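Keep the structure open while you read.

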Amino acid sequence: MSVIYVLLAISLVVAIIFFAAFIFSVRQGQYDDAYTPSVRMLFEDELVKPKKKKVKSELNK
Amino acid sequence: MEVQQFYYDNKIVKNFLYATMFWGIVGMSVGLLLAFMFMFPNLTDGISWLSFGRLRPLHTNAVIFAFVGNAIYAGVYYSTQRLLKARMYSDFLSKFNFWGWQLIIVAAAITLPLGYTSSKEYAELEWPIDIAIALVWVAFGVNLIGTMIKRRQRHLYVAIWFYLATFVTVAVLHIFNSLELPVTGLKSYSVYAGVQDALVQWWYGHNAVAFFLTTPFLGLMYYFVPKAANRPVYSYRLSIVHFWSLIFIYIWAGPHHLLYSALPDWAQNLGVAFSIMLLAPSWGGMINGLLTLRGAWDKVRTDPVLKFMVVAITGYGMATFEGPMLSLKNVNAIAHFSDWIIAHVHVGALAWNGFLTFGMIYWLVPKMTKKKLFSTPLANFHFWIGTLGIILYALPMYVAGFTQALMWKDFNPDGTLVYGNFLETVNEIMPMYWMRAIGGSLYIVGAIVMIYNVVRTIKAGSVIEDELAEASALTRVSKKRTAGETFHTWLERKPIQLTILATIAILIGGIIQIVPTILVKSNIPTITSVKPYTPLELEGRDLYIREGCVSCHSQMVRPFRSEVERYGEYAKAGEFVYDHPFLWGSKRTGPDLLRVGGKYSDNWHLNHMYDPQSTSSGSIMPAYAWLIRDEHDRSDIQAKMEAMVTLGVPYTDEDIANAEASMDAQAKQIEKNLYSDPDFAKTYEADKQYAAENGEKFIEMRDREIVSLIAYLQRLGTDIKVKETGELLSDN
């Protein structure tokens, strides 16, 4: 049954990593604005008319 | 602010999309074949690599890691680039990720039907492939994190967080569950034994569902649903709460797969408690997804993409309501081992994963080809036939699960079982198996229609492989770290962060030290009468693993009156200490085999394997003719036993040295037992004579595979049975 302590420890480590990430993201201001991001992702930044040559067309593939 | 132009890599997305569709059809077709094998058990008669036990892991691996896996990559590679306003970090890593993953799938598609399996569910692949998976997965993670580092958008949208959690957790799970000791190039033994192996396996198995089938798809939901509806997500705040609460709770829920098993109660209850808690974040996410469509429901009427997504999210809601319910011990007592679980996972797989993938494909393909979808009516047809397929699949399986579980538990007033013959409970649900197969067929028809639709759309349009975009560069501003300050100087000013990181470092080191110690110590048996398998039994056990018997037969008698009455004494943790890997199973299509040893004669087993219907009328078990025909290569036995010794099984040097002799003696005894049946003696001698007359090579019965398997089956569960006197338990 002792493997359960190993699993608990691993799970805790993962949880702590996430917790650190959480604290870090809050401190960094990731969640200061809880509205704009949801709208921002709707905007496309692709240029509608591609300017450069690197645009390959690919018909029968 | 400087505006930069760059190209999004659409080619990699396109490749993953093609792979998704291709493997989807493959995986579902294998599933359909399996569904029909319930009605026609000998559909692939005599072809070992098309037998149920070997194809079942192929089906699960193909749909989870090939179909859903490629869909995850496609969606992640598309949305990550756009959310972070950057091309993927490395084109090489993208390609490595793509081709590496396809190669792994091909390797799985070859090795699993050939019987190379670790037998651990959703982790069946043998050790070289496990290593390849780890490598490709890390490449994916590096690519993802690299893209985050060179991003042009400071804020990380919630989908990115879901992808990150997926990467981190799946890596940890995969590595710890796949710890195994190689014996040969394609054979290994799990380092954990019995209860420990079961616990690690379901810690992995549950979190594979959580972090491979759920979190990445939630990320995709948070990207593609708002995009398709052209509405912001209902509540961004809720999505953040959803994310953090979900990942913190999910990782503790694994033991709910082992309720009423030989796992200690406290561990079971811990799993139950966290599983119930999971309802809150899961439904928070589901509601957030559905409410994103507020004010856009008119679009759902016309847009097949949104239709698919609505059913997908609804399926997520149903599956995540059912999950906590199934974790309740009293519900689990009925549902576990029955077809209810099959219904539960298929609501998740067909509706949540399948339909979200389909919705994503229908949205992405026109987007990437800059053309309208070839046919909206065909997409609508796909939607309706797929939905009908899900209903026709899931509902009969619920009924089948209830019916069978209640029949298993039905007692006569005199205390005997009403349905003492397991087959009665199987034959009762055959109509449900038929309906399931029909439902599955409809679902596949829909998927094939989709492929036609997509191919026509792509032919009409042109896939832009590198899409030009522009965004302003990210300026480095930081409140936290002053200019020129290194990470560590910053860290040193922050005692909390420093403590956390230090603790992590210590724990990792500690675990690496502790694991081997603990594992070896715990292999000391707690029941004195439990002995390691004899060499022949060990070889027989490997055949049991190879043939995937565990797909349909459990080895776990739960402490219920109905099960003790039907199968015998309930399972004790100490019985499994030499089981590398454990073979408890998760489904009872056939009866439990924990106490099958000594229940039938050797001849019965031989006849049953040759033609199951001859010994058990109405049985849906396929025949295993090759086991009776083929010579058993037992040449690796000493390497296997040495590996077992390394893992803590107390074989002596003498045992290992005498392994060959021991196997011969036991095999000869079984051959002798078989002769007690005059029919066997007659046909076997006739075969022998025929071979001698025609100069053909004849394989003695004692050298054939079936003899090893009989040795193992006759041993099962007898360690406790033979010594039913006191002093059974030493110190447990």
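This is a predicted model: local features need pLDDT of at least 70, side-chain atom pairs count only at pLDDT 80 or more; totals for chains, interfaces and linings use all residues.

Residues are numbered from 1 along each chain as its sequence is written, while chains are lettered from A and ligands numbered from 1 in the order in which they are written.

**Domains**
- Chain B is assigned domain 1 (3-472), domain 2 (487-521) and domain 3 (535-721); the bounds come from an automatic or database domain assignment.
- The C-alpha centres of domains 1 and 3 of chain B are 35 Å apart.
- In chain B, 43 residues of domain 1 contact 47 residues of domain 3 (contact: C-beta atoms, placed from the backbone, within 7 Å).

**Core**
- The largest nonpolar core has 215 residues (buried Ala, Val, Leu, Ile, Met, Phe, Trp, Tyr and Cys joined through C-beta atoms within 7 Å).
- Helix H6 (residues 194-229) of chain B gives the most to this core, with 23 residues (helices are DSSP runs of H or I, at least four residues, numbered from the N terminus).
- Domains 1 and 3 of chain B both give residues to this core, so it lies between them.
- B:Met309, among the residues with the most contacts inside the core, touches B:Val225, B:Ala228, B:Leu356 and B:Gly359, leaving aside residues up to four places away in sequence.

**B:Asp602**
- B:Asp602 is in helix H21 (residues 602-610) of chain B.
- B:Asp602 counts as buried because it has 23 C-beta neighbours inside 10 Å (buried: 20 or more other C-beta atoms within 10 Å; exposed: 12 or fewer; partly exposed: in between; C-beta atoms are placed from the backbone).

Technical notes: Helices (H or I, at least four residues) and strands (E, at least two) are DSSP runs, numbered from the N terminus. Two residues are in contact if their C-beta atoms, placed from the backbone, lie within 7 Å.
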